[in-house]
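Subject: Handover of a structure and notes on its contents

Dear colleague,

Please find the structure below, followed by an account of what was found in it. I would be grateful if you read the notes with the structure open beside you.

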Amino acid sequence: MNDFDKPESVTDCQLDLNRDVMDWLMALQKADQTFSNIMTLELWSIAQTMDELRPGFWALYMENRQRIVRQQLEERRYPESRPPQPRPKRITPRRPS
């Protein structure tokens with residue numbers, strides 16, 4: 001009698017299925033981490049390029065980002081108690097003459 005003639009038990013099938021699901025989850029997690037790393041690298045390269053083309057770009061970007069994050073946090077903390085406030089103006093870099 002060879003291996004093909006033996007019926008597999010239900011628990012063996014379930015273990016194989018669980019193993020397959022775990023393999024898929026591990027592969028998905030690895031792909032997600034790789035994607036995240038690639039996006040981080042791309043963002044850094046864009047910021048580096050923009051900072052070379054327009055010095056101070058990154059500092060202005062981060063300042064604008066901090067203002068927006070602070071405003072969003074305030075809106076979440078006090079959604080109805082505060083009247084709507086105008087959004088802060090974004091600082092734009094000066095163009096070289």
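Is Arg-77 buried or exposed? Arg-77 is exposed, with a relative accessible area of 54%. Here, buried means under 20% relative accessible area, exposed means over 50%, and partly exposed covers what is in between (1.4 Å probe, protein chains only).

Some words on the source are needed first. This is a predicted model, in which local features need pLDDT of at least 70 and side-chain atom pairs count only at pLDDT 80 or more, while totals for chains, interfaces and linings use all residues. Residues are numbered from 1 along each chain as its sequence is written, and side-chain values use heavy atoms, with hydrogens and water left out.

The chain as a whole

The protein chain has two helices and zero strands. Both kinds of element are DSSP runs numbered from the N terminus (helices: H or I, at least four residues; strands: E, at least two). Helix H1 covers residues 10-53, and helix H2 covers residues 57-77. Of the 97 residues of the chain, 3% count as buried. The accessible surface of the chain is about 9500 Å², and 58% of this surface belongs to carbon and sulfur atoms. Such areas come from the Shrake-Rupley method with a 1.4 Å probe, and for residues only the protein chains shown count as cover.

Salt bridges

How many salt bridges does the structure hold? There are two salt bridges, a term that requires a side-chain nitrogen of Lys or Arg within 4 Å of a carboxyl oxygen of Asp or Glu. One of them joins Arg-77 to Glu-74, with the closest N and O atoms 3.2 Å apart. These two residues are three residues apart in helix H2, and therefore about one helical turn separates them. Whereas Arg-77 is exposed, Glu-74 is partly exposed at 26% relative accessibility.

In another salt bridge, the side chains of Glu-63 and Arg-67 meet at 2.9 Å, N to O. Glu-63 and Arg-67 also lie in helix H2, four residues apart, or about one turn of the helix. Glu-63 is partly exposed, with a relative accessible area of 32%, and Arg-67 is partly exposed as well, at 28%.

Aromatic rings

A pair of aromatic rings is described by the distance of the centres and the angle of the planes. Rings of Phe, Tyr and Trp (its six-membered ring) pair if their centres lie within 6.5 Å; planes under 30 degrees apart count as stacked, over 60 as edge-to-face and the rest as tilted.

How many aromatic pairs does a search of the whole structure find? The search finds two. Phe-57 and Tyr-61 form a stacked pair, at 6.4 Å centre to centre and with 15° between the planes. Phe-57 and Tyr-61 are four residues apart in helix H2, so about one helical turn lies between them. The pair of Trp-58 and Tyr-61 is stacked because the ring centres are 5.2 Å apart and the planes are at 25°. Trp-58 and Tyr-61 are three residues apart in helix H2, again about one helical turn.

Phe-57, Trp-58 and Tyr-61 form one aromatic cluster. Each of its members is partly exposed: Phe-57 has a relative accessible area of 22%, Trp-58 is at 33% and Tyr-61 is at 35%.

Helix H1 and its surface

Leu-17, Val-21, Met-22, Leu-25 and Leu-28 make a nonpolar surface patch of about 480 Å². Patches are made of residues with over 30% relative accessible area and no salt bridge; like charges are joined within 9 Å, and nonpolar side chains (Val, Leu, Ile, Met, Phe, Trp, Tyr) within 5 Å. Leu-28 lies in helix H1 and is exposed, with a relative accessible area of 56%.

Ile-46 also lies in helix H1 and is exposed at 52% relative accessibility. Ile-46 and Trp-58 are 12 residues apart in sequence, and their C-alpha atoms are 10.0 Å apart in space.

The segment after H2

Lys-89 is found in the segment after H2 and is exposed, at 75% relative accessibility. Which residues does Lys-89 touch, not counting residues up to four places away in sequence? Lys-89 touches Asn-64 and Arg-67, where contact means heavy atoms within 4.5 Å. Lys-89 and Ile-68 are 21 residues apart along the chain, and 9.8 Å separates their C-alpha atoms.

A colleague
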